[in-house]
Amino acid sequence: MRITISGTPGSGKSTVAKMLEARLGYPRVNGGDIFREEATRRSMTLNEFGMWLSEHPEWDEQLDARLMDAGRTHDDVILEGRLTGLMSKRDGLDAFRIWMTAGEPVRIDRLQKRDGGTHEEAQKRLAERAKSERDRYRKTYGLDLGDLSVYDLVVETDTTTPENVVSVILERINAPPDP
């Protein structure tokens, strides 16, 4: 089974994807890792790289194509990234699609712990990234991150543990389909 895990920065996507990888034994392909590696290779911050991509959409498309290629190559895979749900739907790739989110204060705290810096710096990075991605995805792909209609499961992670999120996902993917 293909599983896509999409969502807002700091929602817990990577934590849940890693836990699912361990539980299911499926390979995990992380679009954020691909993005970060390319930003590092170019000696750019994530925000700088995101802004650069808005002027070079062909690179954005290449990075995202690597993620979708992994989905086409494997029947059992976890695809993690902001656009994996929307792109897999657009490309006709059969998958169980998950969207994860959390309130902004929770996400800022998580991103500050992960990336360092002050609370204000994390808040600024999050706002810049959100605007850059929203505009870039609409311009490059015609996709709206706010369209949650393609997702089989939407999870708010503010007050739940990653273990609980994984349990809900496992229950849903093992449940018989609705008639």
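Leucine 79 is in contact (heavy atoms within 4.5 Å) with Ile3, Thr4, Ile5, Val29, Leu67, Met68, Ala70, Gly71, Thr84 and Leu93, leaving aside its neighbours within four places in sequence. This is a predicted model, where local features need pLDDT of at least 70, side-chain atom pairs count only at pLDDT 80 or more, and totals for chains, interfaces and linings use all residues. Residues are numbered from 1 along each chain as its sequence is written, and side-chain values use heavy atoms, with hydrogens and water left out.

**Cores**
- Leu79, Leu83 and Leu86 touch the most other members of the largest nonpolar core, which has 22 residues; such a core is a set of buried Ala, Val, Leu, Ile, Met, Phe, Trp, Tyr and Cys residues joined through side-chain atoms within 4.5 Å.
- Buried here means under 20% relative accessible area (1.4 Å probe, protein chains only).
- Apart from that core lies another, of 17 residues, including Ile5, Val16, Met100 and Leu153.

**Aromatic rings**
- The structure holds 4 aromatic pairs, counted when ring centres of Phe, Tyr and Trp (its six-membered ring) lie within 6.5 Å.
- Tryptophan 99 and tyrosine 151 form a tilted pair, 5.4 Å centre to centre with 50° between the planes; planes under 30 degrees apart count as stacked, over 60 as edge-to-face and the rest as tilted.
- Both tryptophan 99 and tyrosine 151 are buried.
- Phe35, Phe49, Trp52 and Trp59 are linked into a cluster by ring pairs.
- Arginine 42 places its charged end over the ring of tryptophan 59, 4.5 Å from its centre (the cut-offs: NZ of Lys or CZ of Arg within 6 Å of the ring centre and within 35 degrees of the ring normal).

How values were computed
Buried means under 20% relative accessible area, exposed over 50%, partly exposed in between (1.4 Å probe, protein chains only).
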